[in-house]
Structures are given as structure tokens and as C-alpha cells.
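Thanks for making time this morning. Let me put the model on the screen before I go through it.

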Protein chains: 2
Amino acid sequence: MEIALLGTGGMLPLKNRFLTSCYIEHEGKAVLIDCGEGTQVAAAKAQIKISRINVILITHTHADHITGLPGLLLSISNTDRTEPLDIYAPKTALNMIDALLTIAGRLPFEVRVNTLDIKNETSQQLKTIDPMLELRSLPLKHTTVCLGYSLTLRHKRVFLPEKADELGVPLRERKTLHNGESITVDGREITPEMVTSDPRPPQKLTYVTDTLPIGQIAAFAESSDLFICEGMYGDPEKKKSMNEKGHMLMQDACSLAVKADVKELWLTHYSPAEPDPSVYKDKLRRIFPKVRISKDGRKTTL
Amino acid sequence: MEIALLGTGGMLPLKNRFLTSCYIEHEGKAVLIDCGEGTQVAAAKAQIKISRINVILITHTHADHITGLPGLLLSISNTDRTEPLDIYAPKTALNMIDALLTIAGRLPFEVRVNTLDIKNETSQQLKTIDPMLELRSLPLKHTTVCLGYSLTLRHKRVFLPEKADELGVPLRERKTLHNGESITVDGREITPEMVTSDPRPPQKLTYVTDTLPIGQIAAFAESSDLFICEGMYGDPEKKKSMNEKGHMLMQDACSLAVKADVKELWLTHYSPAEPDPSVYKDKLRRIFPKVRISKDGRKTTL
């Protein structure tokens, strides 16, 4: 999975900070999480290919997370894309998404809106990206219904051609075995396990923003290779105001990262009133050493 | 009138070019024309005060002219503004504007949507800005209903205190005279003309984008101090494609400026495929010498 955090701002787009949005590409197809005003510009700046976006996940209906949708869809329609595009969102977002699709007008590809359970953690396969890609969503605690998302990419078992040679498996049957089905060779059953080794461990990305630091997030993000989480402010004096507004501090995100035992934490969704979040780096590293004070366009490959 | 052309792009926002939008301030109150994705960021970059916007004029419902509306209104609501805000738009834009206002949610000030005639040139006073400010709109010819706008600021006659002294006009009566009403002093009628001189000539700004270069534009823009007009491309080979798409070339805008006898022309709404419109400067000046190949944030005072 190639990850690009297109923007790191919360509430409103700044001249030097785009709104929080994350692009996840796998085998030439991509998922976008959140799409605030200017996300298509942030995407162009990060040099990612919007035509590859097959799935858009919307966390909630606040403007800083969704109003870029019509512009992005129209710009995608200027590429040669014809395959359908799936939007996943809390079911309470349907009216807003309908309004935004009205503004986008007629598009040259189908847009399918899928709603997600807002009461319980749920999971489903993202087949339009990869049959091995699993999406999970977690209801968060914000001033409106909001979901956290987690993407897990499972890998196939690794095919071992030398084992297949030993067992005399014809070339044309090997794909069947690699896809997990047994075959019969000269009356003898060959199982996938006989010609494959254990797969690489799965990769997991968790994206959580616009929420109080509720305990369920730690379980949801458990063992993530990358945990992208909001940190509106670094000043502990803002804690009370964050509680009232349904947000968390950078310190809260670090504590969740410790509990979830993630490999790396990227902070995002900084307040417009926090001009340089990097001043908190040393303090935050004392809570969780692998914290990154992300800037717009930060990329990695899991 | 203070004018700031916040962006100069058409169709989609680029990383180095905001979408076309114009801010016009007079006596601490302002009109904004068009509000595409990112206009609030362009406004911040141009250091204009969005809290002063009392009127928003929408030319048409294509995304590059309206999707910035919810974000802008939400950002205005973060200022201390409480006065109502008037939106003027073609009546065909009502559904879209409703959708955008749904996305903005509940605002701490009233938003009044006023619709304009889409068949004929019409005019009305912009009383929430200045009783002397007149708005006119002209139906253009695009792929959807689209209006051109013109703002004319008329000035009061200039009060001459020495004339008032000569005629023995008491101080408390002078405002009445300046406001255009006659008074009686010692049984003698004093008319406003007796204590004022002719006003400064009116100032006129005309804003026209997303249209074929129809002849009516010349009459509509006649004698403008500033004519802001689209010029999608500078290459005459694009003329056929512009005809099909309901747009014009930079050359067309210059020819309209000549016919309208305007003082100055600012080009805008460049195609994303036109990376450096300034390369046409010399050719365009041969058609209309006072043409400016505007860049984002261009300002002037009329």
C-alpha cells in the first residue's frame, strides 16, 4: 500500500495547509479518505493520480471533510475513467452526499453510495480495489455522527514453483492452487498448502479524526502499521475546549498509539490556530517515540 | 471601490492558480462575485476580510463558480458577523444554492437568496452595501444559464460649506440638503443644488465570464472603468472549441473592450491547459492597449 496524507489541516483550509485527506493506492487502484475543499489541489500537489480512485470513504458531513467532493468527481471525469466509483459513508450522510452529487451533475461513470452502520464496528471487503482488502469502520464520538476507518491488506500465500515441480503439477493448474483451490494430479489430491508458504503478514492502516479519544479506538487501531490520528492542539490547556468540541489533543493521540501498540503514528487535522505543530515534537516523543508531526503530502509505502 | 481579483483560473483549481472570483469593497462592506472551490483560501492569500462580504453574486451553477460557498459561509461564521448576507443568482441556481446551504448547515447570520431575471438585463440597488451602488445583470450565452454583472457606484453631490454659510443654512439642516432634500430658511427655499456642486462621475465595474462573446456584452460593459472578462485561451486555433463550449478567446475579450470603450480590461478564467497566459500580451495589446493579463490577487482602487 502506498499512502499519501494529502493535507493535515482541520476546520478550514489555509494558504499553507490543505484539509486532512488520505490517499491509499494498491496495485494501481486507490481509496481516498475524506475530501474537503481543495483536496483535488492537494492531490495534484502530491502528484497522485485521482483517476485511480475507486473508493471514497467519508468520515462525517462537516464541510472540511466533504465539500471537495463535486470538484474532485468533476476532475476525475476529465480523465478517461469509466468504471464505477464507490462512496462509503455513515448513513446519516446520505442527504449531504446527494446534495454534493447534484452539484457535480452528470458524470461519465457511475457513483454508488454505500452506507455504513453507525452503531457498531463493521467490516467489508473492498472488492473494487482488491479482494484481499478489508475495510472496517468504527463509530467515533464527535458533535455529529463520525466513523473511523481501518484498511487491512491480506496477502496471498507465496507460491513455491520448486514444490510444484516436485509434485508434477502442470503449469496450467498452478494458478488454481495459488488461488486456494485443491486439484488432483494422477489421482492424487494436491492442496494449496503443499505448494505455497505462509503469506506475508497483513498490513493495516487506521485513520481516525474528529473524535474524543474514546477507548474503543485503541482496540480498533490495534497493531496498525500506520495510525493516522487527529491532534488538534499540542497545548494541554486546550483539553477542556477539545472535550466540548469532540476533538482530542496530540497527547491523546500518542496515548492511543501506545495502547494500540501501533508501529507508527502520523498526527493530522491541526487547528488553524496551531501554526507550527512541530514545536511539540520532543514532548510527544516522550509519550510515543514513533510519532510524526505530519506535513501536507507526507508519503510512505507499507 | 477597492477591487481584488482573488483567482484567475477556470474549470478547476490548480496548485498555482485559484478559481476566478472577484471581491469589491466599498466603505467597509463588500460584494463577492463567484465562489469556487478554494475561494476562501484565495481571499486569505489576498488578505481581504471575508467578514465584510454582505453580498455574494453567483454567475451560474458550474462547480468552479459555486462549490466554495459552504466553506466561505462557515469561515465567515467564525468571524463575529451577525448581519444578514444576500446571495444574488439566476433563478435556475436555486436548487444548487439550497444544496450548498444544506451543507453549510446552521449559520449565525441570515442568508437571503435573491433571484435575478434570466431573460433580460435588469438592475437593482445594493442597499446592504451602499444606497448609491447599483447592480445590473445581463443574461449571457453559455452551456447553462449564466449572468454577467455590473456594479455602478454613484456619488453624492459635493457639499459646499461656504455656500451654505453665505445662505445662512443652520448646521443641523445641512445633512438634509446633502441628502437631496430642500429646506426653508427664513421663509426662503434652499435647494440642494444651491449648496452642492456636481458629483464625481460614477464608477463602473463589469464582470463577465463563461459566455460566447455576444454583442450585448459591449453595451452592458460600456464605459466601464474596469472590465473583468474571461479569456480561456490566447491561441486562435482554439476558437472552434470555444464556440462549442460557450467560452471566448482572450482576443474576443479585447475586441469587446474596444467596442465597449472601457478604461481597462483584466483577463481571467484561463484554461488549466494555458500555463502562461502572459505570452499573448504583445498580440493582445495590439487589439486593446489597456489589457492586463491578470494574475491571482490583482488589486486596484477605482
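**Charges and symmetry**

A:Lys15, A:Lys45, B:Lys15 and B:Lys45 form a positive surface patch, where Lys and Arg count as positive, and a patch takes residues with over 30% relative accessible area and no salt bridge, like charges being joined within 9 Å. Areas come from the Shrake-Rupley method with a 1.4 Å probe. This is a predicted model, in which local features need pLDDT of at least 70 and side-chain atom pairs count only at pLDDT 80 or more, while totals for chains, interfaces and linings use all residues. Residues are numbered from 1 along each chain, and side-chain values use heavy atoms.

As for symmetry, chain B superposes on chain A by a rotation of 180° with 0.0 Å of shift along the axis, at an RMSD of 0.0 Å, fitted by least squares on C-alpha atoms with pLDDT of at least 70 in both. The two copies are therefore related as by a two-fold rotation axis.

How values were computed. Chains lettered and ligands numbered in written order. Patch = residues over 30% accessible without salt bridge, like charges linked within 9 Å, V, L, I, M, F, W, Y side chains within 5 Å. Salt bridge = Lys/Arg side-chain N within 4 Å of Asp/Glu carboxyl O. Charge placed at Lys NZ, Arg CZ, Asp CG, Glu CD.
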